[in-house]
Amino acid sequence: MSAMDDSQAILFQGKLVDFALAELVRQHRDSFQPLWTVDSWAKLLIWMALNCGLSGERESLELFAEALGPRLTGRLRGLFYERTLEDLELQLMADPAEPQVLVMPIAPGAVVTPQQASRALDQVGLLERVDSDRSRWQRLDALVAIPWKVSQ
């Protein structure tokens, strides 16, 4: 008899699927233009549904979205709109459905400056999509919250 029982096997399988989905999103999120838009997110979901053998018909896509469920969809969406910039030691959360882009430090105890936030936004192609008026940028403890441009 194996040292692993069925519940452990299911747990490991679940972790593997979770890991694989996260990597799939990270590796393909820049493929769907225009970046940093709801359209790019929708294109990723359609691409995933089609690669799972579903048709591109609305009903089929809705079934796919329903099957993912809100918890998994939320996690994948977070990964889709998140970027870690190791060279700047910053993390960005830039979901266009949210009112602000968040620029956070990776290092404990670090604080993001507006200059660092600006460099990070420029590096990922977001600088032109956020409000350029730095007086509207908010410092929230260690992070900076930057509103999207009104035309967003």
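A residue counts as buried when its relative accessible area is under 20%. In this predicted model, helix H4, spanning residues 114-123, has these buried residues: Ala117, Ser118, Ala120 and Leu121. Looking down the axis of H4, the buried residues fall within an arc of 165°, so they line one face of the helix.

Five strands make up an open sheet, and reading across it gives the order E1-E2-E3-E5-E4, with antiparallel pairing. E1 and strand E4 (138-140) stand at the edges, and each has a single partner strand, so one side of each is left without a neighbour in the sheet. From one strand to the next, the twist averages 20°. In general, strands of a sheet pair through backbone hydrogen bonds, either parallel or antiparallel.

Zooming in on one pair, E1 and E2 run antiparallel and are joined by four bridges. Here, threonine 84 stands opposite glutamine 91 in E2. Helix H3 (residues 58-80) lies across E1 and E2, and runs at about 40° to E1. H4 also packs on the sheet, touching E1, E2, E3, E4 and E5. The direction of H4 makes about 65° with that of E2.

Technical notes: Residues are numbered from 1 along each chain as its sequence is written. This is a predicted model: local features need pLDDT of at least 70, side-chain atom pairs count only at pLDDT 80 or more; totals for chains, interfaces and linings use all residues. Side-chain values use heavy atoms; hydrogens and water are left out. Buried means under 20% relative accessible area, exposed over 50%, partly exposed in between (1.4 Å probe, protein chains only). Helices (H or I, at least four residues) and strands (E, at least two) are DSSP runs, numbered from the N terminus. The arc is that of the directions from the helix axis to the C-beta atoms. Two strands pair if DSSP finds at least two bridges between them. Axes are lines fitted to C-alpha atoms, for helices over the stretch in contact, and angles run from 0 to 180 degrees between N-to-C directions. Contact means heavy atoms within 4.5 Å.
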